[in-house]
Amino acid sequence: MSPQRTALVLGGGGITGIAWEIGLIAGLAEAGIDLTSADLVVGTSAGSVVGAQLRSGTDVEQLYARQLEPAGAERVARLGRSTLARYGLAMLLARRDDAAFRRRIGELARRAADSGKTPPEDERRAAIASRLPDAQWSPRPLKITAVDAESGEFTTFTRSSGVDLVAAVGASCAVPGVYPPVTIDGHRYMDGGMRSPANADLAADADRIVVIAPLPRGMGPMTSVDAQVTGLVSRVAVVSPDQASQRAIGKNVLDPAAREPSARAGRAQAASVAARVAEVWQG
């Protein structure tokens, strides 16, 4: 019998999502469940940062310790009311057509960047690079998701894509209207979460799948995590923030001040989900 393939799917959720995911993974590791051993890692938005961090080989406790560091002068971002209103308008005009929705959101993203309403690309690249222990792709399988901001086409970057890792992660984290799309080979790419909060279907070939999703439900035509894992023949465990974690994360997932409490809440939550995750991962 061939060994069963495992996949770790890491969803989007902003700065607090990164912290919560790392905290949860550290807590599970402490309980004897090593998710870093996954045969495949799929990362979307915040999950692309965590995926790249895990694939760098950096010790999980070191990654967790970084989440507890003071926010300092780090910029606070937020999805403002006007941006959210434009998201809502894009949903209405797209009429449940997911590709049309992504094209409209992509137009929003491009206009915001071109008018100077988002930070410059170089500034964002430096911010993303500072979060990655290694700027080189790992030889171990990692899929990073993004969306073409003009065509709305969903894209997956891997080591074989020939795309710089920092650019790939930056594209996956490019929240429309907040951060600028990232230019790669003449195309501008935005947040992979505009297709789905976790894109769990990319792991469908694995036998055992753990999905860590800070935001399991997408807006409008974005496909939810539950919809993507329903019907999979794989054994699947989906973990999302419990009430204590939701309180720690707060209302603004892009606030660096909420990073530490989110990481601690994720670690604390690990105890309550360890048995369920172990049954899928190790059973």
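Which helices do the buried residues of α6 pack against? Before I answer, please keep in mind that this is a predicted model, in which local features need pLDDT of at least 70, side-chain atom pairs count only at pLDDT 80 or more, and totals for chains, interfaces and linings use all residues. Residues are numbered from 1 along each chain as its sequence is written, and side-chain values use heavy atoms, with hydrogens and water left out.

The buried residues of α6 pack against α1 (14-30), α2 (46-55), α3 (60-67) and α7 (165-172), where contact means heavy atoms within 4.5 Å, and helices are DSSP runs of H or I, at least four residues long, numbered from the N terminus. Helix α6 itself covers residues 121-131, and its buried residues are R124, I128 and R131, buried meaning under 20% relative accessible area with a 1.4 Å probe, protein chains only. These residues cover an arc of only 55° around the axis, which puts them on the same side of α6; the arc is taken from the directions from the helix axis to the C-beta atoms.

Turning to α1 and α2, their axes come within 8 Å and cross at roughly 40°, the axes being lines fitted to C-alpha atoms over the stretch in contact, with angles from 0 to 180 degrees between N-to-C directions. The contact is made by G14, G17, I18, E21, I22 and I25 of α1, together with A46, G47, V49, V50, Q53 and L54 of α2.

Finally, R259 lies in helix α10, residues 259-281, and is buried, with a relative accessible area of 10%. R259 touches I15, A19, Q67, A71 and E74, not counting residues up to four places away in sequence.

Terms used: Buried < 20%, exposed > 50% of the residue type's maximum accessible area, 1.4 Å probe, protein only. Helix = DSSP H or I, 4+ residues; strand = E, 2+ residues; numbered from the N terminus.
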